Structure formats: C-alpha cells, structure tokens
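Let us walk through this structure step by step.

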Amino acid sequence: MSNNEFEHYKEDSSDSYDFKELIFKYIKFWPYLLLSILVFGVAAYFYNLSQPYEYKVESKLVIEHDDSGNILNLTDLPQTMNKPLVNKMANEGHRIKSRSLANTVLDKLNLEVEYYEPGAFKDIELYNSSPVKVEVDWDHAQITENYFEINWKDDQTYTLSFIDEEYTMYSPETTKLNPIELPNYRDKAYKFGQWVENPYGKFRITAEDIQSPGELKIIIRNRASLISQYTSDNLAITPVDAISSILNISLTTTVPNKGTDYLNTLLATFLDEMLAEKNAQARKTVDFIDRQISGVSDTLSIIESKLQEFRSKNKTYDIGSEGSSIFTNISNLETQLSQEQFKNEYYKNLKVYVGSEDYNDIVLPSGIGIEDAVLNRLIEDLILLQAERSQYLATQTASSPRVKEVSKKIGDLNKSINEVLSNTIDNSDRTLANLKKRLGSLETDFRKLPSTEQDLLRIQRSFTLNENIYTFLMQRRAEAAISMVSTSPPDKIMEEAIPNYLPLKLKPLTNYIVAVALGFILPLIIISIIIFSNNKVKNKKELESKLNNPVLTSIGHNRTKKNLIVVSKNKSAIAEAFRALRTNLTFIVPKEEKITIAVTSTIAGEGKSFTSMNLASAYAISEKRTVLVGCDLHKPKLYDDFKLTNAVGLSTYLSRQVNDLNAIIQKSSYPNLDLIAAGPTPPNPAELLISDRFEELIEKLKDNYDVIIFDTPPIGLTSETLSILKLAKVTLCVVRHNYSKLSFIEDINYLKEGKGFKNVYTVFNDVPSKDLNYGGYGYGYYSDDKAKGGVISKLFKGGRGQAAV
C-alpha cells in the first residue's frame, strides 16, 4: 500500500496460495545462497588441490570362441544374449577381478610399501624412484594403513616418527586387522640397514640413492587393503562392443606406471592360470584314458594268444564267405555297442560325481570323444564355477556374499546337469537295448555256421572288438596329450597396458558439481525451514491477506537511539511514513473534524508508544493542537522521551487526587503538542479507565484540542483497553515486523468481527529498509537516512539501529 493513499483492499480476499509471493520470499535470501555457493566452491577447489590426480590405464583381452554349442539360460542375461561366448566372457571377467587372482598378482609385485614426497597441498607418491627402500617382516605384527615419517641428513642415519595417532595393526597369527593408537612416538634415530623391531612392527630401511638431506612419508599396506583396492570399482571390465569377444580391462590409479605394471601382471597371471587349468584338465583326461587302455591292452593280448593257438590247433585260418559277412555285421554292431556302453558308464559315473558334489575328478565329455554340445558346455561351466569358488575361498569364508553367490550358481548348474544326464542316460539305455536286439538277430544266423567256424569267429570277434576299443582310446589319448603339452593359453592379450599421463577430469568436475549443489541445496533447506516454520509477521502482503482491515502505512526500522523521529529527523523516511499515516487518516475522519485515535497492539514491544508519540508529533507540526494521553497505567513510559515528569497524570486525575485538568497537562518543548502522562501506577487501573470521569476527561479535551491520541495498554494483556477503544473514532493496531506472531492477527480481526469496532486499521512497524518503497523512492532517498556503511553491511543488512518500539 502506498503511504500517500489507500490501496485497494478486499475483506473477502481469496485464500488461494500465492506462489509468486513464495518465490519472492526465497529471492530475498539470494545473497546468502550466493555466499554459500561461493564458500562450497572454494572448499571444492582446495579439496581438489589436496587430492591426487587419477589416471586410467587400459588393456584388451581376446576371449576365444568355443563352438561346443548353446546351453541353458543360467545367467541373468536376456535370452537373446544367452550364448556360450557371452557366458564365458562374463565368467572370465569375474575371474580377472577375483580376490585370489589379485592376491597372486600382489605376490609378484612389491606394492606393500608406498613412498610419498611431502607437498604443499598433497603428497606425491614415488613409484620405483624412492631414495630409500623399506623391507617388511610380515611374520611379525605390523602397523599399517597410515603415514610414518623418516628424515635424514646423510646416508648413515635417519629419524623415525609415527605422525598419525591411529593405525591398523596386522597380526600374522590371526591375520586380523585391529585399530591401534600410537601417541608420542616421534623422532627416534636409527641407522640405515638396521632392523627396527618393536611391538608395532619389524622392518628395515636401506639407503638406495640418497644424495642430500630429505624426508619421506611411508605407508605400509596390508594385503587385505591392497586386494580390496585392486578388486573394487577401480578395476572395470567391459565388452568392447556387442559383436566382438574382446574385453576392455581398465584400472583407475593415482600412479600411471604402477597401474600399468599391475594390469599387465594381472593379465599375464590370468593367462598362466588358464593355461595351467587347461593342462590339468588334459592331464585328468589322459589319466582316465590310461586306466581304460590298461585293461583293454591286457585283454587284447590274451585274446590274440588264444586266437593263434586255436588256428594252429584246428588248422583253420580262413572264414567262409557267409561267415565273413556275418562276422563283419556282428563286429560293427559290437563296436557300436561297446562304445555306447563306454559312454553309458561315463554318464552314470558322472552323475554320481555331480550328485556327491565331487568335482575334482570330473573329465570333460569332449576329452573322451563324447560330442554332446549341451553336456560339454554345462560341465565346462561347472568346472569354471568350482575354480572360481575355490579362488574366493582362498581369501574369504563360506558365508561371504561372493562365495554364496557362486555356490548358488553351482547349485543351479548342478540341477541342470542332473536333468540333462537323466535324459542322456535314458537315451543311452534305449540305444543299448536296440543294439543288443539287433545283435541277437545276427546271433541266430551265426549259430547256423559249422561249430569250428563259430569258435573261430567268436575268438575273432572278441579280438576285433577289443582292438577297435584300443584304437579308439589311443586316438583320444593322443589328442589329450597334445592338448596337455600345449603352451598356448585359451585366450590372448590383444593390447598390453601402457602408462597414460593425462589425468581424469571427471572426479574434480564432479566435486565442483557436488559442491555447488550442496552450496545451493543446504541453505535452501535452511531457508525453507525458516520460511515454513515462521510464525511471525515478516511480509506486508501476507499481513494484508490475513487482516480484515487495511494497513495504513509501513514504518521503517529506526536506526537512531531516539524515539521522537518526526521532530528530531523530519527529513527521514520514518517521518515521511508518519506524515503519510496522518494523510491517510484524513480519508477516514475529515481533517476539519476533531479526531480521537487509540493506538494499541496485541502485546508489549510492538511499537504502540513509538507510533503514538510520532503520530502526535506529525499532527503537531501540521499546526493541529494535539494532546497525547498515556493510558497505559501499568507501564508508564511516554514522559521520559519528552523529558517530562510522571509525578501527576491520568491516574491522579481519575482517582481524584487532582481535580484540575490543567494540572495534569504538561507542555512539551514542541509547539502544539501537549502530554498527559500516565501518572503513578494505581492499584486499580482497569476501574479508573472504565469510569465516567475518563469519558468526561475526553469531552473536556475535545474542547481544547483538535487531535487526541491515546497510548493504550496492549489488548492481549489488559481488559480495560476495549473500554478506551469504544471512546475513540479510530483504532490503530500496531504490528511489528519479525516480532508480532501471525496468530496475533486473529486478535486484531476479532476487534472488528467479534467486538464490532468499525474504524480499526493497522500500522506495520519496524519494517527493514529493503522492504520499503515510499512513493516510488528508495529508503536512502531521504537526507536524514543517509548512513555510512560498508558494501557487505548494505548488501545483507542495510545498517544497524534500534527497533522502532
């Protein structure tokens, strides 16, 4: 509302939420948001300075395709992607990232000790370039995972200091890690090459390339921590694309050369283990076939001797044409029957192994000539999963999540293999029955031959059968032996890792993004809490929306220590606000009429006395004969600002201690402005103010004054205020910015709705200068308001002062 005229006012204004006003509430806090974002951004900058750069090293591994056929869907991949090669890539990716493989690689590399050169913001790790070397005795208890510092002046001695208070203690007996504190262990002197042994560790530091005095920070890393580092998200394994069988292996590291060495050693170790497993499987196949050949070879020798003896004894060497035909057919059937029996026996033995979960002696079906694509793939996957579980168990317990996950996969695969074996054995049994039936038909024709020829054919059949089996087994053994001596791993490295010295930018950028987000969100949350938990009047529009009467003026914050602003600083914005209030009151009571104004508030401290005396001053300087009556008999205070006395006043007149009205009227030092002080506090203020004598007082004052202003007690604290309001033409209720509670508005509304007071209006007091706009001019437009202050104070507060109360 303008201070020079009434704004449009609606008593039945809509209760709809004003989102524009809500946004404006947030906008008022923009300096704090900006400052918060700036602080968080600077913090992120220094945090990035303190963090080591990160680099990514990469290599590529080709996974060779296996054409052994499709398998059941035993993975979480979509059915369209469920191919043997995809499954193999996934399995081998897990093996490359396994803790057991990482443990083997760390055995080959000396990464347990890290050397750092102190820097201004961050320490720089020295990989393979440290001037000293630390040798750790891991059979002794050892502190790990935090800095200790060494200083030297020459290559003979050094001083040792444990600069951190908390370390991790590694115990070789239990392999457990426990936190430990090491206070007051500083500057112990030792010789280079001397073993340092104490309850906290055992190690030896030797000088490698010391040319000048210096210092280093050293961290001894325990194996568990290193394994976690190199099997975490730092190591990423992804397919290069959707149509190739190439895996991209990348490692995020703070030292490119170290990451390169680890990655190349990792892949070399992986291929060595794969080759060793391949040869071990071939060895098992050879051993299995050798056991079979041993029995067949002995049988074949016996039958051969028996055949020669029969021919020599019976002088029979040739078989007739009919017998030869029958012999050929029977031999073929018996060979098929023998091979099928061999497979049938393998299937049943395999089912026993799988049922008992004994996977160590399983021989791949393809190794002994069983070309069952589904079964071969299932057994291969079973062996791989069993190897993976064994690797995990080397460093973890059976209850760990990874071991449980692999064990579940093995269990599911075991069920699938049992189902396949059951079907395969049933099919094999039917094939055997069919072969035996066909062989039985040929046996009928065989028995029609002469007895001597039958005997010869029986021996010849047995010899031929065993010879075929022997030949079959020898062929399979040769294939397995060739595979066993192979030096080529099943997969191969396509690209070795090389150092990449270009640091990653994503992490620093992410830190900035997170910092800006936090710098915006955290204060926004605080501001939201302030806004939505606010129970005080802070906004004029909000005040007007809840009031059932107009706000006549907004009075700014009083920066001075004086309360009589209108007469002491006539060219100030506050003085202008009271002149505007005076003008607005002329629209309510014409200026030619005499006016009685009651100024009140809900509670003490809202500025009713400040408003009363300055409004009276505004009327006085407009040459209106004005009297200010202190009606607050509980807490008299008006007289002090006018430098008058409170010896006599309203209370002494109403209690008839003084009968002459002129005796209680005091002249102020300002023209046209008189004061009736409240007087000494009486024991019965309410009874005095509701007496007829008070009404008579008002009528007498009207004869001598144009304006009568009553400074009344707060309506929420005393009962007599309503009696005073009934005698006034206009009631001004003072509401103080960020002091009066929103619930007080209901008390003001009740004056009009519940008590029937018509001319009730509101004055918004102690409003911050940034929220004021007097007739289109800013707060600093008035000469008496020009105050000195810094940019920051003007930006955030606009200067200090006292409340207008």
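Begin at Glu-135, which stands opposite Arg-204 in strand β12. Strands here are DSSP runs (E, at least two residues), helices are DSSP runs too (H or I, at least four residues), and both are numbered from the N terminus. This is a predicted model, in which local features need pLDDT of at least 70, side-chain atom pairs count only at pLDDT 80 or more, and totals for chains, interfaces and linings use all residues. Residues are numbered from 1 along each chain as its sequence is written, and side-chain values use heavy atoms, with hydrogens and water left out.

Now widen the view. Strand β12 covers residues 201-207. It pairs with β4 in the antiparallel sense, over 5 bridges. Two strands pair if DSSP finds at least two bridges between them. A further strand, β11, joins in: the 3 strands form an open, antiparallel sheet in the order β4-β12-β11. Its edge strands are β4 (132-136) and β11 (195-198), and each pairs on one side only. Neighbouring strands of this sheet are turned by 25° against each other on average, direction ignored. For such angles, axes are lines fitted to C-alpha atoms, for helices over the stretch in contact, and values run from 0 to 180 degrees between N-to-C directions.

β2 has two partners to look at. One is β13 (residues 214-220), paired antiparallel over 4 bridges. There, Val-113 stands opposite Ile-220. The other is β3 (residues 124-126), also antiparallel, joined to β2 by 3 bridges. Here Glu-117 stands opposite Ile-124. β2 and β3 form a hairpin, with 6 residues between them.

A cavity is a set of points on a 1 Å grid over the protein atoms alone, where a 1.4 Å probe fits but cannot get out; lining residues have an atom within 4 Å of a point. There is 1 cavity of 30 Å³ or more. The largest cavity has a volume of about 50 Å³, the space filled by probe spheres set on the points, which are joined across faces, edges and corners. Its lining includes Lys-608, Asp-632, Tyr-639 and Asp-711. Helices α15 (608-621) and α16 (638-641) each supply at least two lining residues.

Key: On a 1 Å grid over the protein atoms alone, a cavity is a set of points where a 1.4 Å probe fits but cannot get out, and a pocket is an open set with protein on both sides within 12 Å along at least five of seven lines; lining residues have an atom within 4 Å of a point.
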